[in-house]
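Here are my notes after a look through this model. Have the structure open while you read, and check each point as you go.

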Amino acid sequence: MCFHCMVSWCVCCSGTTELAMPTGRTWSGVLILAWLLTGVSTQALVPRDMVIVVLSQGDSYHSSLAQELRNDIQEQALQASQVIPIVHLTHEDFPHPGAWTVFPILSRLYALHGANSSWIIFCESHTRFNLNQMLELFNNFSANEEMFIGHALHDREATIIHHFAFSDDPERFKYPHFASGFAMSQALLKKIALQMNHGNRPDVDFSIDPSHELALYIWDSGKGPALTHSSRLCLRNQPQCASYVLEVQPCADPVAKESMYFGVKTCSKYHQDRIPIVKNTWAKYAVHIGFFSEEEDKSIPTIDLGIPNTEHGHCGKTMAILRYVATFAPTAPDIKWVVIADDDTILSVARLQQLLSCFDSSKTVAIGERYGYNVQQAPQGYNYITGGGGMVFSIAAVHRIATSAYCQCPSNSTPDDMFLGICLARLGIPITHSPLFHQARPLDYAPEYLDLQLPVSFHKHWMIDPIKVYSKWFSEVDQAMEAEGRSQEHIEL
């Protein structure tokens, strides 16, 4: 770089730069001036220059993973005789319903650390770091520049979960894989915090994919930085990785199939096309299952709870199913979990058995894919489990919901998943998010994102073959669990 306009000791000619020592100057003075002009520190990064923010959850399973991550980071720093970096767990330090979207905590992070840290690094409970590799990675960048760094994902086609953004060229927009970790430089954090403090906040009501939404806000139609991809923020642990993602593993033996009750919402319109697909795929492995419709059909058979069908919402039907299960549960003590699914939900019973081994059915538990309403802007917002991917409740939670005056639907057509979110918030029952549940089809997600997972569910039969989706993602694991002899006689309740 040539600074001929600024200093007398830089001579540029024929595309080359030569430095001549000016009279009365020393090389230390030259280095200081170069540092001032470039904004790049010659001092090596140390752990205390980084603040790590774990987008954690308060349930015992995820909070224990987050605590293990913090302990591991601290141990690595101690072994290197370094000052331990600050590690925030959001469920402890930033108890805001929208902390998982990142937006509500940025101003607070800047107030706490904007003047004394170089990098804010975000991650999830399943993330793990190699601290030395992390320092080496971020030494290659300047915290004085607006930098947004992560493992880049991109859509292969326009998708509903991203509101069909960049439909002309979906692959051109990059967004970070949260679980691999992503970072904001001090300069970028300052810019965003000041913007938000002056009222320039995301103009959205619904939070669906925080990774994509955050990247869009930072990019700001090209006025802000695009995501810088780093392959050292890894999907899986390999040499030279600064971070990687732990594989999700069962916490104990899979829960018994007879401990789960599946309530499938349907209507007469779909008795002949959707229900046969359900019965010929995942429902073969369910012990307790009921198909709930506004019309009795003995060939399935369906259960009519007296709730008329509605084109949208289905709050009345969903709440009626939960009350129905709560009523007969005392006569079926084996049932510990209730799964509410749509008739176009595609799922794996075996994967649910494995996932639920990490949770206690005697506690009030609600699990699924989390969406948020108005949580980016106000603490009065609320989270909810999006229904298409399946909603899982412990029997303890079902009893609370079924008997609460807070959970009476305003109308049969009220959106059931959103109203359940309000109901759970009023009851003080936290929603546990699992990225293994999916509101959309496999092709609506970046392949690298799904490649890390052992998915529990997908949703929609639209423009796909649901049998092929089930065969690719779930058939093998369901068959393997069946072969292990854990199946019971199929019972319709």
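The points below run from the overall chain to single residues.

1. Ground rules. This is a predicted model, so to speak, with local features needing pLDDT of at least 70, side-chain atom pairs counting only at pLDDT 80 or more, and totals for chains, interfaces and linings using all residues. Residues are numbered from 1 along each chain as its sequence is written, and side-chain values use heavy atoms, with hydrogens and water left out.

2. The chain as a whole. Of its 493 residues, 56% count as buried. For burial the cut-offs are under 20% relative accessible area for buried, over 50% for exposed, and partly exposed in between (1.4 Å probe, protein chains only). As for contacts (heavy atoms within 4.5 Å), residues 24 or more positions apart account for 74% of those with a separation of 6 or more.

3. The largest nonpolar core. A nonpolar core here is a set of buried Ala, Val, Leu, Ile, Met, Phe, Trp, Tyr and Cys residues joined through side-chain atoms within 4.5 Å. Which members of the largest one touch the most others? They are F262, W282 and L352, out of 47 residues. Setting aside residues up to four places away in sequence, F262 touches W282, A286, H288, I289, G290, V339, L347, V349 and L352. In soluble globular proteins, nonpolar side chains tend to be buried together.

4. Helix α6. This one covers residues 186–197, and its 12 residues reach 16 Å from first C-alpha to last, close to the 16 Å expected at 1.5 Å a residue. The expected span is 1.5 Å times one less than the number of residues. Its buried residues are A187, L188, L189, I192, A193, Q195 and M196. They pack against α4 (103–113), β5 (119–124), β7 (148–150), β10 (182–185) and α7 (210–219). After the helix comes G199, with a positive phi near 90 degrees.

5. Salt bridges that span the sequence. There are 14 salt bridges in the structure, each a side-chain nitrogen of Lys or Arg within 4 Å of a carboxyl oxygen of Asp or Glu. One of them joins E136 and R232, with the closest N and O atoms 3.2 Å apart. E136 sits in helix α5 (residues 131–138) and R232 in the loop between β12 (228–229) and β13 (243–245), so this pair links distant parts of the chain, 96 residues apart. E136 is partly exposed at 42% relative accessible area, whereas R232 is buried at 16%.

6. E482 and K257. Their side chains meet in a salt bridge of 2.9 Å, N to O. Because E482 lies in helix α15 (residues 475–483) and K257 in the loop between β13 and β14 (260–265), the pair ties together parts that are 225 residues apart in sequence. E482 is partly exposed, at 30%, while K257 is buried, at 4%.

7. K265 forms a salt bridge with D416, the closest N and O atoms being 2.5 Å apart. K265 is in strand β14 and D416 in helix α12 (residues 416–427), 151 residues apart. Both are buried, and salt bridges with shared partners join K265, D342 and D416 into one network.

8. D209, please look here. Lys and Arg count as positive and Asp and Glu as negative, with His and the chain ends not counted. D209 does have a 2.7 Å polar contact with the side chain of H162. Polar contacts are pairs of N or O atoms within 3.5 Å; within protein, one must be able to donate a hydrogen and the other to accept it, and residues adjacent in sequence count only if both atoms are side-chain atoms. The backbone nitrogen of S211 also lies 3.1 Å from a polar atom of the D209 side chain.

9. D417, in helix α12. D417 is buried without a salt bridge, and the nearest side chain of opposite charge, K265, is 7.2 Å away. Beyond residues up to four places away in sequence, D417 touches Y384, I385, T386, G387 and M391.

How values were computed: Helix = DSSP H or I, 4+ residues; strand = E, 2+ residues; numbered from the N terminus.
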